[in-house]
Amino acid sequence: MSQTPDTVVHLIRHGEVHNPEGVLYGRRDGYHLSDLGRRMAEKVAEAMADRDITHVRSSPLERAQETAASTAEAHGLEIVSDERVIESTNVFEGKRFANGSNALLKPSAWRHLWNPLKPSWGEPYKDVVARVMSAVHDARVEATGHEAVVVSHQLPIWITRLHVEHRSFLHDPRRRQCTLCSVTSFHFVGDAITQVSYSEPAGDLIPAKDRKAPFSAGNAPEENKPV
């Protein structure tokens, strides 16, 4: 019989970003939530309103800080900025991937794509997991016996979930189960993760044009998986 979790750390992906040029913004400054993104952040805050949140930390990037603000304000908490949950580095940062452009179609990009397990185009997945898990455990300690929120980005959250669930890092980025303002929750008993849950409180706000991946339409069932 599984034990009742004593602490929960919720990893929340930021909301939609104003990015009309379709740039892979990565760690660049100056990318803020769109009007829809702010609505998403408010909706996830509403979904967390009755949770026992005692600690909020966030990536230092604007889109994450702005997403965290709604939940922090609702619980009367300050946001702790944490570089360890920032977006991953990527050699394609600043390139365009929308509005008829796709940097990956250029032959000059192909030399970066030879090893999807590392990955060869950016920060090693094992390094991403190490820094994110370090931040998750610090959040767990701060919120011992309660719940914490950590606002981060799609790749760091998804890769960390794969690690926790003992799954391969090899994956199709289009099939990551981590939509805008989704909540990936690690349930702890002591310092051990015993369960992972997932929900999409702002899923109904995902624009129709973005509903291509299996879990981008806002209709993914809430999950609760033992690990």
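**A first look at this predicted model**

1. Contact here means heavy atoms within 4.5 Å of each other.

2. Some ground rules before going on. The model is predicted, so to speak of a local feature requires a pLDDT of at least 70, and side-chain atom pairs count only at pLDDT 80 or more, while totals for chains, interfaces and linings use all residues. Residues are numbered from 1 along each chain as its sequence is written, and side-chain values use heavy atoms, with hydrogens and water left out.

3. How confident is the predictor? The mean pLDDT of the chain (the predictor's confidence in each residue, from 0 to 100) is 85, and 79% of the residues reach 70 or more. Over residues 213-219 the pLDDT is below 50, although this stretch has 19 contacts in the model beyond near neighbours in sequence. Where pLDDT is low, the predicted coordinates should not be read in detail.

4. Now the overall layout. The chain has four helices and seven strands, where helices (H or I, at least four residues) and strands (E, at least two) are DSSP runs numbered from the N terminus. Read from that end, the elements follow the order β-α-β-α-β-α-β-α-β-β-β. Of the contacts in the chain with a separation of 6 or more, 70% are between residues 24 or more positions apart.

5. How much of the chain is buried? Of its 227 residues, 49% count as buried, a word that means under 20% relative accessible area; exposed means over 50%, and partly exposed lies in between (1.4 Å probe, protein chains only).

6. On to the nonpolar cores. A nonpolar core is a set of buried Ala, Val, Leu, Ile, Met, Phe, Trp, Tyr and Cys residues joined through side-chain atoms within 4.5 Å. The largest one has 25 residues, and V9, L11, V136, F186 and I193 have the most contacts inside it. At least two residues each come from β1 (7-13), α3 (125-142), β4 (147-152), α4 (154-164), β5 (183-189) and β6 (192-199). With eight residues, α3 gives the largest share of this core. A second, separate core has 18 residues, among them I12, V151, V183 and L205.

7. Buried residues in α3 include Y125, V128, V129, V132, M133 and V136. The buried residues of this helix pack against β1, β2 (53-58), β4, α4, β5 and β6.

8. The side chains of D82 and R57 meet at 2.6 Å, N to O. Because D82 lies in the loop between β3 (79-81) and α3 while R57 is in strand β2, this pair ties together parts 25 residues apart in sequence. D82 also meets R84 in a salt bridge, at 2.8 Å, N to O. D82 is buried, at 6% relative accessible area, whereas R84 is partly exposed, at 24%.

9. R57 is buried, with a relative accessible area of 6%. Leaving aside neighbours within four places in sequence, R57 is in contact with I79, V80, D82, R84, A135, D138, A139, E142, V149, V150 and V151.

10. Another salt bridge joins D127 and K126, with their closest N and O atoms 3.3 Å apart. Here D127 is partly exposed, at 33% relative accessibility, and K126 is exposed, at 59%.

11. Last, the cysteines. C178 is buried, at 1% relative accessibility, and C181 is buried too, at 0%. A search of the whole structure finds zero disulfides, a disulfide being a pair of cysteine sulfur atoms within 2.5 Å.

Technical notes:
Salt bridge = Lys/Arg side-chain N within 4 Å of Asp/Glu carboxyl O.
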